[in-house]
Amino acid sequence: MNKTMHPPQDETPLVPRLADGTPDWAALRREFGATQSTAYLDIARKALLPRCAAQAAADWFADIEGPAAGKLSFSMDKVEETRRAVGETFGAAPETLALVKNTSEAVNIVAQGFDWREGDNVVISVSEHENNTFPWRPLTRRGVELRIVAAGPDGQVSTDALCAAVDARTRILSIAWVAYGLGERADVDALAQLCREKGALFLVDGIQAIGVLNRRLDDLGAHVVASGGHKAQMSVAGAGLMYVAPEALDRFRPPFAAKYSFATFDRTDPEPELAPDAHRFEYGNPNFLGLAVQRRSARFIGAIGLGAIEARVHALTDRMIEEADRHGLGLRTPRPWNQRAGIVSFDLGGADADRMESLLAADGVRVASKDGHLRAAAHFYNNEDDVARLFERLAHHLEAGK
């Protein structure tokens with residue numbers, strides 16, 4: 001097993017492995033300090049960050065404080081290293097990636113940069129996060145219809161229902177790869193095919209899937225993938241990504257303009273051409289510190305391997321579903337793995353979910369109350385003891401509340 005996970009600045013973190021070559025999950029767990037005291041099953045809200053991410057931030061400040069006086073910390077070459085690292089880990093050519101702040105910035109870039117016509121419509125679902133809902137609402141003042149597809153009796157929005165809402169005037173279909181509430185996984189292949197047939201732009205909110213599922217961004221069939229970095233990418237708020245497929249680059253324009261929007265830095269050019277790739281959607285100075293963390297964490301995830309991470313999350317969430325069944329809790333998340341990811345949502349039989357979240361937090365178990373239900377979200381640093389602790393304390397509080 002490797003003895004250290006903290007190499008010199010910007011080198012790929014060394015991942016401890018067992019004799020058979022598989023990741024040593026117990027050793028990796030120790031890289032997340034909070035796991036020693038807390039059963040943190042809430043990555044769908046915010047990620048725990050590994051120590052190598054903290055080291056990246058320390059290295060960033062050390063470069064500013066040392067003789068280099070920030071030469072590396074404020075280097076645009078390092079920004080491009082981040083772009084390459086993110087692309088290598090999550091599956092996209094560097095020129096297709098804009099290093100934006102978060103999901104909502106990317107969605108707003110598309111919403112405000114698209115050439116809308118009165119009578120056009122955009123389709124989303126009732127299961128979308130606020131940041132894939134609010135950016136579309138102002139378009140109604142421009143004569144654009146916002147179609148919000150309702151959920152079925154099981155609380156989930158079906159592929160058929162989404163397809164039925166798309167017509168000849170649909171310009172954009174925007175959905176979550178994995179829904180933040182129930183945790184259902186969209187059939188991106190079917191929806192991508194529909195958008196190709198209808199000529200609609202397909203936008204995917206990827207924040208609950210990227211870093212969990214082993215699938216390349218450029219394999220989704222999406223024209224745009226938007227994601228903040230502060231969940232399973234193990235970046236920080238303010239350091240996310242926006243994938244733009246090459247064929248979609250000119251389907252919307254940057255709604256803002258700044259130094260990196262253009263192919264030239266000549267300020268006297270009266271009609272500068274836009275940058276020829278996704279750089280055009282970046283404005284002004286980047287989040288240098290956030291990108292340093294994003295770069296190190298992307299390399300960390302890449303070194304572990306998305307295939308191994310997905311298998312680990314699959315096993316842990318299977319265990320959660322088994323425990324929910326054993327305790328007689330109603331499962332709201334689909335059971336088949338290809339229809340879900342790291343989120344498991346369940347009913348509490350009438351108990352107050354907000355109160356239960358607080359009681360569990362006092363016990364050192366972190367989950368979330370969402371829409372009157374309880375949501376647990378596992379990641380690779382969790383273990384079977386975390387799952388057992390959640391359901392033991394949950395059963396205790398449910399019994400005490402009767």
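I take partly exposed to mean a relative accessible area between the buried limit of under 20% and the exposed limit of over 50%. The model is predicted.

**Entry: E384 and R312**

I looked up E384 with that scale in hand. At 32% relative accessibility, E384 is partly exposed. The side chains of E384 and R312 form a salt bridge, 3.6 Å from N to O. The two residues are 72 apart in the chain, with E384 in helix α10 (residues 384–400) and R312 in helix α8 (residues 306–326).

**Entry: D250 and R280**

I checked another salt bridge, D250 with R280, where the closest N and O atoms are 3.0 Å apart. Both residues belong to the loop between β8 (241–244) and α7 (288–304), and 30 residues separate them. D250 is exposed, at 65% relative accessible area, and R280 is buried, at 6%.

**Entry: K78 and E81**

I found a salt bridge between K78 and E81 at 3.3 Å, N to O. Both residues are in helix α3 (residues 76–90), and because they are three residues apart, about one helical turn separates them. K78 and E81 are both buried.

**Entry: the salt-bridge count**

I noted a total of 27 salt bridges. D42, R45, E357 and R375 are linked in a network of them.

I looked up the largest pocket and got a volume of about 430 Å³. It is lined by 27 residues, and W177, E184, R185, A186 and D187 are the closest to its centre. Which elements supply at least two residues each to this lining? They are α5 (159–165), β5 (170–176) and α6 (188–198). Helix α6 gives the most, with three residues. I sorted the lining into 11 nonpolar, eight polar and eight charged residues.

The second largest pocket has a volume of about 360 Å³. Its lining holds 23 residues, with H129, N131, I207, H230 and K231 the closest to the centre. I recorded seven nonpolar, nine polar and seven charged residues there.

**Entry: cavities**

I searched the whole structure for cavities of 30 Å³ or more and found three. The second largest cavity holds about 80 Å³ of space. Of the 13 residues lining this cavity, I43, Q208, V212, G342 and I343 are the closest to its centre. I counted 10 nonpolar residues in this lining, with two polar and one charged.

Key:
Residues numbered from 1 in each chain as written. Predicted model: local features only at pLDDT ≥ 70, side-chain atom pairs only at ≥ 80, totals over all residues. Heavy atoms only, no water. 1 Å grid on protein atoms, 1.4 Å probe; cavity = no way out; pocket = protein on both sides within 12 Å on 5 of 7 lines; lining within 4 Å. Points joined across faces, edges and corners; volume = space filled by probe spheres on them. Helix = DSSP H or I, 4+ residues; strand = E, 2+ residues; numbered from the N terminus. Nonpolar A, V, L, I, M, F, W, Y, C, P; charged D, E, K, R; others polar. Salt bridge = Lys/Arg side-chain N within 4 Å of Asp/Glu carboxyl O. Buried < 20%, exposed > 50% of the residue type's maximum accessible area, 1.4 Å probe, protein only.
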